[in-house]
Amino acid sequence: MYSNKGAYALLLGSGISRSAHIPTGWEVETRLIEQLAVSKGNTIVAADAHQWFKEKYGKDASYSYLLEELVKTPTERVQLMKPFFEPTEDEKELGWKQPTKAHKAIAKLAKEGYIRVILTTNFDRLLEQAFEAEGVTPQVISHESAISQATPIVHCQIPTIIKINGDYIDCQFRNTSDELDEYPPIMHKYLERIFEDYGLVTCGWSGEWDKGLIKIISGTVVPRYNSFFATVGKAKETIANLSYSRNGELLPIRGADEMFSELWEQVSALNENHINKNMVHDIMIAKCKKYLSASHYDIEYMDLVERLGNEAYNVINAHAQYDFVLTQDSFSKYLEIHKSVITPLIEIAVLAIRWGKWYQIKPFGELLVKLCTRSFKNGEITCEGTQYLHSIAPMLLLNAIGVACVKYNRYKELDSILKLSVPAPNFMTVSYRWKLLYLLGGTHWSYDTWNNLIGQSYFYPMSFFLLENLRLLFKDYFVVDSDFNNTFYIWERLKSLIYGYYKCYIIDFSIPLGQFTRSEVEYKHRGMGEEPYTVFWESADSLQNEWLPIKQGMFGGNYENYKEIKSKADEFIQKYRKY
């Protein structure tokens, strides 16, 4: 359904409204017979109603005859039928005769264009109510006379609901055996075309009474799209045969609510994971470069960053329920979600850092703050440690910004971002403002937890996680991988020093450690040539206040400040680094 948007039609039966306590057509007819019997001075039980009618009138019951006998005017007919389909005040309190989870999920699917055609044998208006709640006004066809006035489905820009057997408001029902055995030619042809053009998904429909509908479906050419026949329990022979004749599949379900709720969730998740599918990657990058080239494109550039940022924020917060135990599988799931929405922003951020002005980089700092915030609900439960999943996307973005700023010497811009703070509520607390670097600069999980989550056994697993997840995004910016590694470790060491300089620790002095503590030893002992990592840090002592990070304002623009914090950091590293 996700890959073939709008290619499937739904066929819904009374089972779709069962949990809403809407009576079936047979049940409504039975109650009308009971009312007719009472008006004639007879008392009958529901099980004998249709037999009583046949003996009394010499024919099977029909809505048209029953309504003619019970009431006379169209208004009276509507009033007679309303109690079967519209809730009383007591029923409203119980949630009866109102759209179910299934109706609501179908409305969402239709709103997003995944379903354009819905056929139903039901008389109720729960579908229409669910659509209205979603702000969608569907085209409704409840009688063959309306077909000629309707917009052809192929040209219709809104969903179409076809009430095959009528609607309780207009009191034109199709419910007797004769009526259900053979449909009028106009309706027959209309349905035939739909069954030939669309894949079919049925739910809540047994096919036991709708012989005419079975005949139409069986007689049509099998479409290029598959058919799915949902059944609770073992499929009835009628449905099994129909599925076979249409080369379809039987779909065991627990119920309509579960089926359509799960379908909506899965389709929605696919859509979120491909949130930028409508913007071809190369076009997006080309547009971004164009917008960065001249100030008169500033509005377009800011709109692009804001749109992608809002989409990422919405997706992340839509999945911000952390009441489960953290496992490798749950980590992988959230990593996939976060990477899919943050990758376009990382790509744009790198371009902005390379080519843009400060005001074009600044929005990414604001976005980092926004991505760290999180709304909480009263009574919400969070399993300890799982809430840190919320930091995956902003953590990847921050480290990508850091690597890019080091590569393109944008230390002033980097320092402005690193000194930001995040207000409450954030993924750490509902009460306190935290420094951005405290939230994203180090690790809140232990090394053992990190290794368990990524299935490795590294000394500094977070370093390797970031290194490998950013490597592909920077493949076009470095000649060889080793240059990327050097730049990443320069950034990692710089981030650690700034963490200490801005006192992002809680009580005693501490800094985040990483693979840079081991790599710098390796770089110093290599016999051939000097690695960029070593050159970078040695130049700090030779250039002092002319060293670019300091010259552009890091460490307060003062070499002595840098030396002081580096001395404290070196002591901490010697004491706590892993060998």
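## Charges over rings

R493 sits over the face of W537, 5.7 Å from the ring centre. K407 lies over the face of Y408, at 5.5 Å from the ring centre. A charge counts as over a ring when NZ of Lys or CZ of Arg is within 6 Å of the ring centre and within 35 degrees of the ring normal.

This is a predicted model: local features need pLDDT of at least 70, side-chain atom pairs count only at pLDDT 80 or more, and totals for chains, interfaces and linings use all residues. Residues are numbered from 1 along each chain as its sequence is written, and side-chain values use heavy atoms, with hydrogens and water left out.

## Aromatic pairs

W537 also belongs to an aromatic cluster. Rings of Phe, Tyr and Trp (its six-membered ring) pair if their centres lie within 6.5 Å; planes under 30 degrees apart count as stacked, over 60 as edge-to-face and the rest as tilted. By this rule there are 38 aromatic pairs.

Y8 and Y225 make a tilted pair, with 6.1 Å between centres and 55° between planes. The pair links distant parts of the chain, 217 residues apart. Y8 is in strand β1 (residues 8–12), while Y225 is in the loop between α10 (211–219) and β6. Helices (H or I, at least four residues) and strands (E, at least two) are DSSP runs, numbered from the N terminus. Y8 is buried, at 8% relative accessible area. Y225 is partly exposed, at 24%. Buried means under 20% relative accessible area, exposed over 50%, and partly exposed in between (1.4 Å probe, protein chains only).

Y322 and Y334 form another tilted pair, 5.8 Å centre to centre with 50° between the planes. Y322 lies in the loop between α14 (298–318) and α15 (328–355) and Y334 in helix α15, so the pair ties together parts twelve residues apart in sequence. Both tyrosines, Y322 and Y334, are buried.

## A parallel strand pair

Strands β6 (residues 227–231) and β7 (residues 249–252) run parallel, joined by four bridges. Two strands pair if DSSP finds at least two bridges between them. F229 has L250 in β7 as its bridge partner. From β6 the chain crosses through helix α11 (residues 237–245) to β7, in a right-handed β-α-β crossover. Right-handed means that, with the strands pointing away from the viewer, the path from the first strand over the helix to the second runs clockwise.

## Helix α20

Helix α20 (residues 447–454) has W450, N451 and L453 buried. These residues cover an arc of only 160° around the axis, so they lie on the same side of α20. The arc is that of the directions from the helix axis to the C-beta atoms. The face turned away from the buried side carries the exposed residues D448 and N452.

Cover for the buried residues of α20 includes α15, α17 (392–407) and α21 (461–471). Contact here means heavy atoms within 4.5 Å. Just after α20, G455 takes a positive phi of about 70°.

W355 is in helix α15. W355 is exposed, at 52% relative accessibility.

D90 is in helix α5 (residues 89–94). D90 is exposed too, with a relative accessible area of 57%. D90 and W358 are 268 residues apart in sequence and 62 Å apart in space, C-alpha to C-alpha.
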